[in-house]
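Here is a short report on one protein model. Look over the sequence and the fold before reading on.

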Amino acid sequence: MKKIRKLLIIYTIVMAAALGIMVILWKNMKTIMGSVASYNAEELEIYKKIWNNLNDNMVNGQNLMLKYMVIFWAVLLVLGYTLILIVYRFEIKPVSEMEKFASEIAKGNLDVPLPIHKNNMFGNFTESFDIMREELKASKERELEAEKAKREMVAELRHDLKTPVATIRATCEVLDLI
């Protein structure tokens, strides 16, 4: 989760910087488009007559361009967050699940099943890992059963040896008394 949080913070900072650059470029465009070049007297008269119309058109064009720039930025922002979410869902989350599963196995907890998702990058690998976990669990149970059987066998042998030894000891004691 820390990885995705860092990725979201970095992306948000980059998009905020992009928005700032777009606004700066828009302001520079406004000053460039609004500047008056050098005209002769006749051209200046014509310019004065149509100035109001041109100025209105320029302002409308600039506002429309700003609107399109902000819409483009918002679409990029949403697409970026969607891409980050997809990367998290299909790349980062399966790795985190596998990491948690491996740590549980390392602790000896073989009862934790690994969720199998065929659509992520681990797909069949997770199924093989879960089969391995089940085999380890069965092997551990067989080992415990073998240890129990060994203890029982030693106890039986001990009992079987004690009975004849006790009989021989009793016989020796009786012979000592005679």
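Which residues does Arg133 touch, not counting residues up to four places away in sequence? Arg133 touches Phe101, Ile105, Leu110, Asp111, Val112 and Pro113. A contact here means heavy atoms within 4.5 Å.

## Basis of the model

This is a predicted model, in which local features need pLDDT of at least 70, side-chain atom pairs count only at pLDDT 80 or more, and totals for chains, interfaces and linings use all residues. Residues are numbered from 1 along each chain as its sequence is written, and side-chain values use heavy atoms, with hydrogens and water left out.

The predictor's confidence in each residue is given as pLDDT, from 0 to 100. The protein averages 80. A score of at least 70 is reached by 89% of the residues. Among the elements, helix H3 (residues 123-177) has the highest mean pLDDT, 84. Helix H1 (residues 2-34) has the lowest, 79. Where pLDDT is low, the predicted coordinates should not be read in detail.

## Fold and surface

The protein has three helices and zero strands. From the N terminus on, the order is α-α-α. Helices (H or I, at least four residues) and strands (E, at least two) are DSSP runs, numbered from the N terminus. Of the contacts between residues at least 6 apart in sequence, 64% join residues at least 24 apart.

Buried residues make up 15% of the 178 residues. Buried means under 20% relative accessible area, exposed means over 50%, and partly exposed is in between (1.4 Å probe, protein chains only). The accessible surface of the protein comes to about 14,100 Å². Carbon and sulfur atoms account for 66% of that surface. Areas come from the Shrake-Rupley method with a 1.4 Å probe; for residues, only the protein chains shown count as cover.

## A nonpolar patch

Leu64, Tyr68, Ile71, Val75 and Leu79 form a nonpolar patch on the surface. Together they have about 470 Å² of accessible area. Leu79 is found in helix H2 (residues 41-107). Patch residues have over 30% relative accessible area and no salt bridge; nonpolar side chains (Val, Leu, Ile, Met, Phe, Trp, Tyr) are joined within 5 Å, like charges within 9 Å.

## Salt bridges

How many salt bridges does a search of the whole structure find? The search finds three. The criterion is a side-chain nitrogen of Lys or Arg within 4 Å of a carboxyl oxygen of Asp or Glu. Side chains of opposite charge can pair when their charged atoms come close.

Lys107 is exposed, with 66% relative accessible area. Glu104 is partly exposed at 22%. Another bridge joins Asp111 and Lys137, with the closest N and O atoms 2.8 Å apart. This pair links distant parts of the chain, 26 residues apart: Asp111 is in the loop between H2 and H3, and Lys137 is in helix H3. Asp111 is exposed at 53% relative accessibility. Lys137 is partly exposed at 29%.

## Around Arg133

Arg133 is found in helix H3. Its side chain meets that of Glu134 in a salt bridge of 3.7 Å, N to O. Is Arg133 buried or exposed? Arg133 is buried, with a relative accessible area of 7%. Glu134 is partly exposed at 43%. Asp111, the salt-bridge partner of Lys137, is among the residues that Arg133 touches.

Leu110 is also among those contacts of Arg133. The C-alpha atoms of Leu110 and Glu135 are separated by 9.6 Å, with the two residues 25 apart along the chain. Glu135 lies in helix H3. Glu135 is partly exposed, at 48% relative accessibility.

## The aromatic pair

The structure holds one aromatic pair. Tyr11 and Tyr81 are edge-to-face, 5.4 Å centre to centre, with 70° between the planes. The pair links distant parts of the chain: Tyr11 in helix H1 and Tyr81 in helix H2, 70 residues apart. Tyr11 counts as buried at 17% relative accessibility. Tyr81 is partly exposed at 29%.

Rings of Phe, Tyr and Trp (its six-membered ring) pair if their centres lie within 6.5 Å; planes under 30 degrees apart count as stacked, over 60 as edge-to-face and the rest as tilted.
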